[in-house]
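The report below begins with a single side-chain contact and then widens to the whole chain.

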Amino acid sequence: MKKILVTGGAGFIGSHVVRLFAKKYPDYKIVNLDALTYAGNLENLNDVESLSNYSFVKGDITDETFIDQLFAKEHFDAVIHLAAESHVDRSIMDPLSFVKTNILGTAVLLNAARKYWQDMNGKLFYHVSTDEVYGSLGESGFFTETTPYDPHSPYSASKASSDHLVKAYFDTYGLPVVISNCSNNYGSHQFPEKLLPLMINNIVHSKPLPVYGKGDNVRDWLWVEDHARAIDVIFHKGKLGETYNIGGFNEWKNLDIVHLLCKIMDKKLNRAEGESAKLITFVKDRAGHDKRYAIDATKLNKELGWTPSLQFEEGLDKTIDWYLANGEWIENVTSGAYKDYYKDQYVSR
Ligand code: NAD
Ligand code: TYD
């Protein structure tokens, strides 16, 4: 019996990881620890909450006393750490909350693991991170596991810092760790501050589609369930102290992806061809906007045998269908503080 602490399990990627682990491994006990910030939502786990091997604890990873008590009580065998402030635009507006959660929160968890894992045999601290730590690419080339860190946003700088802390605990204390750095995820349950769900929601409501700058920045998109599958593989087969890059070799210019969404949604919403694309509005660029991200996932593929399961067009289709079928979910998450966020971020941009 393995007892796994998943942090941030009520968020977008975390809920997919919790779902995969709780359903696929009935012998594991999954404890989901989440502070339920604006991004955490227990509705994301409706189909998991009644499973006998799943439990939820509300709490903050930066609260050292609380985390220590939890480790003392629960005797975890492993941690899969996803809890974070995750949105670049919010990190530009409020960098300190990113420093607190992503850096201090990770340090508090690492330190609790170090203190309470007297016997480190068979234990694992898995840190889920981002490709944004590597900075920005030019027209060609890929991020590999040996690309030097060069973060630009407060978000990516805080994630880079947390990665370094994880490596420092491996080197200094021999804490059994593994890190993965993944490209941009898309799929169901993503909060509509990120590009794809924001655009899908705005298309549904015929609202302007705010494309930053010229829309020529490039992102490498991976279906969230394939990210969760990669985490499963790395959790079970990854080598301690190693980093694995996760990505689907699937690069898109922002403007192209928004046009593709418009085209698919015109059909699904029975609109005339080209109608949704008329909503595209170019707005002021993001400060420090990274030009291009692209992941080389060869190591994960060659050493651990992982490949993405879905083609992008199929994943996008499933994702759009999920948002169209879950109007109530999107209504709930956009009805409160989201309105203020949207106003601050977009109205006089
Ligand atoms: P998210 O914002 O959807 O979810 C974050 C979760 O963490 C939420 O449930 C939130 O309530 C919780 N949380 C925030 N602060 C907390 C705190 N102090 N204590 C406890 N819980 C707290 O994020 P996501 O997109 O699901 O990302 C999850 C992880 O994956 C993050 O570490 C992120 O850096 C990483 N990542 C994300 C992407 C992506 O494309 N979204 C890509 C690569 C890596
Ligand atoms: P985002 O989903 O915020 O992910 P990240 O910044 O972590 O890559 O943004 C993806 C890309 O889309 C990024 O280049 C910024 C751009 N973007 C827009 O053009 N308009 C928007 O409203 C948002 C949220 C993002």
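## A contact near the end of the chain

In this predicted model, the side chain of Gln 345 makes a polar contact with the side chain of Arg 349 at 2.9 Å, where a polar contact is a pair of N or O atoms within 3.5 Å, one able to donate a hydrogen and the other to accept it, and residues adjacent in sequence count only if both atoms are side-chain atoms. Gln 345 belongs to helix H12, residues 338-347, and is buried with a relative accessible area of 9% (buried means under 20%, with a 1.4 Å probe and protein chains only).

Once neighbours within four places in sequence are set aside, Gln 345 is in contact with Asp 89, Met 93 and Tyr 212, contact meaning heavy atoms within 4.5 Å.

## The whole protein

The protein has 12 helices and 12 strands, which are DSSP runs (helices H or I of at least four residues, strands E of at least two) numbered from the N terminus. Its C-alpha trace spans about 65 × 45 × 40 Å along the principal axes, and buried residues account for 56% of the 349 residues. Of the contacts between residues at least 6 apart in sequence, 83% join residues at least 24 apart.

## Basis of the values

Residues are numbered from 1 along each chain as its sequence is written, while chains are lettered from A and ligands numbered from 1 in the order in which they are written. Local features need pLDDT of at least 70 and side-chain atom pairs count only at pLDDT 80 or more, whereas totals for chains, interfaces and linings use all residues; side-chain values use heavy atoms, leaving out hydrogens and water.

Technical notes:
Buried means under 20% relative accessible area, exposed over 50%, partly exposed in between (1.4 Å probe, protein chains only).
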